[in-house]
Amino acid sequence: MCIISASILNADLANLSNVAKIVENSGADALHYDVMDGCFVDNISFGLPVLHALRRCTELPLDVHLMVKDPLRFVSRFVEAGAQYLSFHIESDSDPVATVDAIHGHGIAAGIALCPNTPLSVVLPLLPRLKAGDFILLMTVEPGWGKQAFIYDVLPKIRQLRAVLDQQELPLHIQVDGGIQEETAAICREAGVDFLVSGSYLMNAPVPADAVRYLRGR
């Protein structure tokens, strides 16, 4: 069954506790939290204080996506603030091996994210360093902004990664983020995705629980 992570990037942040309650009541498995520094991407989003506040509002796992220039600097602080999944970009300035090891050192799941135009070949040598429950995040939009359209050109990369994971019998998840709604979720599941991030579609749904069921393909 697909893991569903609800992104709050475009949610109503005037009331974090209500946002968290909507996500909990929807049946989603985790709450996705995008961190942007204005350097790695041309936008600034949330930081540590908001994550601390959110942690007090929910028991759901927090799926933190670092879109920052030097993620290694922040691993410990985001884990201390409540991250239970922590992903960073292979395109960042941090050494990816050191960053994965730092995340594992805190006993949580590590994710390595790739922008849409980044070839899969850059992450393949790192797969053996990942552990069961870790994940590769293949962005299906350009990182930095919500409400973008799904980039269908990423689908061959998803299928290629699924083939590699299956061939090597690696117990890793494939996560996708960007433009995920009922139709694109179905296409991604068919391609081998088992970890979906959905923001506007889920948070703005008349009945978020129905949206989660549709994302799972039920």
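**View 1. Buried residues of helix 6.** In helix 6 (residues 182-191), T184, A185, C188 and A191 are buried, that is, under 20% relative accessible area with a 1.4 Å probe and protein chains only, whereas exposed means over 50% and partly exposed in between. Seen down the helix axis, these buried residues of helix 6 fall within an arc of 125°, so they line one face; the arc is that of the directions from the axis to the C-beta atoms. Exposed E183 and E190 sit on the face turned away from the buried side. Helices (H or I, at least four residues) and strands (E, at least two) are DSSP runs, numbered from the N terminus. The model is predicted: local features need pLDDT of at least 70, side-chain atom pairs count only at pLDDT 80 or more, and totals for chains, interfaces and linings use all residues. Residues are numbered from 1 along each chain as its sequence is written, and side-chain values use heavy atoms, leaving out hydrogens and water.

**View 2. Packing partners of helix 6.** The buried residues of helix 6 pack against helix 5 (155-168), strand 7 (173-177), strand 8 (195-198) and helix 8 (208-216), where contact means heavy atoms within 4.5 Å. Just after helix 6, G192 takes a positive phi of about 120°.

**View 3. The aromatic pair of Y33 and F46.** Rings of Phe, Tyr and Trp (its six-membered ring) pair if their centres lie within 6.5 Å; planes under 30 degrees apart count as stacked, over 60 as edge-to-face and the rest as tilted. The count is six aromatic pairs. Y33 and F46 form a tilted pair, 5.1 Å centre to centre with 35° between the planes. Y33 is buried at 0% relative accessible area, and F46 is buried at 11%.
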